[in-house]
Amino acid sequence: MGNAMQEYLPEQDKLSGPRAFDVESVRRDFPILAERVHGKPLIYLDNAATTQKPRSVIESISRFYESQNSNVHRGVHYLSQTATEAFEGSRRKIQRFLNARSSSEIIFVRGATEAINLVAQSYGRDRVGPGDEILISAMEHHSNIVPWQILCQQTGASLKVIPMNDDGELLLDEFDKLVGPKTRLLSVIYVSNSLGTVNLVSEMIELAHSRGVPVMLDAAQAMPHLSVDVQKLDVDFLALSGHKVFGPTGIGVLFGKADLLESMSPYQGGGDMISSVTFEKTTYNTLPYKFEAGTPNIAGAIGLGVAVDYVSEIGFDQIEAYEGELLSYATSALSEIPEVKIIGNAKEKASVVSFALEGIHPHDIGTILDQAGVAIRTGHHCAQPVMAFYGVPATARASLAFYNTAWEIDALVGAIHSVLKVFR
Amino acid sequence: MSFLSDLYQEVILDHNRRPRNFGELNDANGMAEGFNPLCGDKVKVYLKTENGVIQDVTFQGAGCAISTASASIMTEAMKGKTLDEARATFAKFHDMVTGKLEFDPDDEELQRLEVFHRLSEYPVRVKCATLVWHALMAALEDQAQAISTE
């Protein structure tokens, strides 16, 4: 297939700017990046689906199972104490990472999806009734649509949607009109997984609060790209997934303001979330345990703590600066291909590039790119309303992390040329 | 790259560019829709049968090259077949693309479907090719039900 399929090997990095950030050294922290796919070096550009894990995270999980494995919050024996310390230590790391006031505001859940369902059911069912409104946006992931639809069906409330423009930016004038006396909650995606848009959530939270409306942020996609400070944002609830921020799958966090969490009913009943149980009456445990029924994902929580340590060590100043360069390099390289149409051109964007190729289905693009070792996501990205808005069944999406490089973007561009050659 | 020429053979690309029997069938007596929630692809199959024989079959929808070519080639292959023959061909096709049946170059039935015989090496793409066939089978049922209620 000519030079389009040639192997792209690391060379002098093309990105300019301050070189304090050494991407090749960072890459060595991620064992999987040395893998080969179909005989080619793996070029992993599917970070919005899940991120890769640094060695320190992988080792923390095996270390837990090899030398610390025990249940938490129960045994008086040595191992149980060690496991509990590691688990609770991780909660405090995440508290600091998000700058929450207290570690009791950090609830371990399976992922952002469960965090949103928890708020919909525990907060929503007690406070939402017929005629009330829940406000979301046109660019939500299904995980921030369906839990609210279920709540609306249960309570007789209705779902309102903040519209967006063709660049993939929310219309804040329309948002202003939609926040009314019937609005019970605003739940909005911080960074769009399908378009890369970074929503202006500070302004949105301020406006919602000025009308007494609490705000939930789906920050799953924001965490790997931006520094998130829940006190500065003054957000009421925030959901994140561990695996999207270089941690394990099956672990995530719900942050909630303590007074709100205190006032809410439990989400699930079971062990660990109680202080006393008789057949007549159960008294619930204090925060955060009230929302953590059953044995938690202990190893996952510990791994997530190590992941946020890793990210903090690099620092978001460096990550944001480097990813900004990477995004503009990718955007201009892809824009030079006449057949490429980039979907999502918000002024504020994280390093996600969704695109279409004139007349070629994204699945054909994905299959041919895969043969070149390039992993991208093709499909609707669990955001079918976004696809419907742009009138496409699916897009191809390259989503970049701080361990991606300019030479990997070059390989993507080369592989896109071979797609065009096949379909010429 | 041999893989590209295996999967994206000229025949497939040609059917993708100029799909045969594309569009609605006005006098159809069977219709069914196939939907792949993973990729969002939708395909509609229209069927006209008479005395247990497929007189005409068309399709509508937008999908990837594999699904469009599969639909186009299927409509060509199905015209003139009895309903039982159509079901038998689907069973063979299905077994071939899922790797359960070796491609037999002497099997006349499979010859026109040969371009898909390497698809079993791309398991995530098998559904692209079988979606329209599942819709055809549903359309046959739809047509059978329409008859049985008469």
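## A walk through a two-chain model

Let's start with M164(A), which touches A138(A), M139(A), E169(A), L170(A), L171(A), L195(A), V386(A), F389(A) and Y390(A), leaving aside residues up to four places away in sequence. Touching here means contact, that is, heavy atoms within 4.5 Å. Before going on, note that this is a predicted model, where local features need pLDDT of at least 70 and side-chain atom pairs count only at pLDDT 80 or more, while totals for chains, interfaces and linings use all residues. Residues are numbered from 1 along each chain as its sequence is written, chains are lettered from A and ligands numbered from 1 in the order in which they are written, and side-chain values use heavy atoms, with hydrogens and water left out.

### Two spots in chain A

Where does M164(A) sit? Look in the loop between β6 (158–162) and α6 (172–178) of chain A. Helices (H or I, at least four residues) and strands (E, at least two) are DSSP runs, numbered from the N terminus. With 6% relative accessibility, M164(A) counts as buried. The scale goes like this: buried is under 20% relative accessible area, exposed is over 50%, and partly exposed is in between (1.4 Å probe, protein chains only). Between the C-alpha atoms of M164(A) and A138(A) there are 6.3 Å, although the two are 26 residues apart along the chain.

Now for S192(A), found in the loop between β7 (183–189) and α7 (201–210) of chain A. Is S192(A) buried or exposed? Its relative accessibility is 0%, so S192(A) counts as buried. Not counting residues up to four places away in sequence, S192(A) touches M139(A), T197(A) and Q221(A). A polar atom of the S192(A) side chain also lies 2.9 Å from the backbone nitrogen of L195(A).

### Rings that pair up

A pair of aromatic rings is described by the distance of the centres and the angle of the planes. Rings of Phe, Tyr and Trp (its six-membered ring) pair if their centres lie within 6.5 Å; planes under 30 degrees apart count as stacked, over 60 as edge-to-face and the rest as tilted. How many aromatic pairs does the structure hold over all chains? The count is 19.

One of them joins F30(A) and F246(A), edge-to-face, at 6.2 Å centre to centre and 70° between the planes. F30(A) lies in the loop between α1 (23–27) and β1 (36–37) of chain A, and F246(A) in the loop between β9 (237–241) and β10 (252–256) of chain A, so this pair ties together parts that are 216 residues apart in sequence. F30(A) is buried at 1% relative accessibility, and F246(A) is buried at 0% relative accessible area.

Over in chain B, F90(B) and W133(B) are stacked, with 6.0 Å centre to centre and 20° between the planes. F90(B) is buried at 12%, and W133(B) is buried at 0%.

Back in chain A, F30(A), F246(A), Y310(A), F402(A) and Y403(A) form one aromatic cluster.

### Charged partners

Side chains of opposite charge can pair when their charged atoms come close. The rule for a salt bridge is a side-chain nitrogen of Lys or Arg within 4 Å of a carboxyl oxygen of Asp or Glu. Over all chains, that gives 26 salt bridges. Here are some of them:

| Pair | N to O distance |
|---|---|
| R74(A) and D272(A) | 3.4 Å |
| E174(A) and K177(A) | 3.1 Å |
| R17(B) and E10(B) | 2.7 Å |
| R125(B) and D364(A) | 2.8 Å |

In the E174(A) pair, E174(A) is partly exposed at 29%, whereas K177(A) is exposed at 62%. They are three residues apart in helix α6 of chain A, which means about one helical turn separates them. In chain B, R17(B) is partly exposed at 42%. D14(B), R18(B), R20(B) and E76(B) are linked in a network of salt bridges.

### Where the chains meet

The contact takes 20 residues from chain B and 16 residues from chain A. Together the chains bury about 1,500 Å², 62% of it on carbon and sulfur atoms. Buried area is the accessible area (1.4 Å probe) that two parts lose on being put together, summed over both. Across this interface the rule finds one salt bridge.

Note on methods. Polar contact = N/O pair within 3.5 Å; in protein donor to acceptor, adjacent residues only side chain to side chain.
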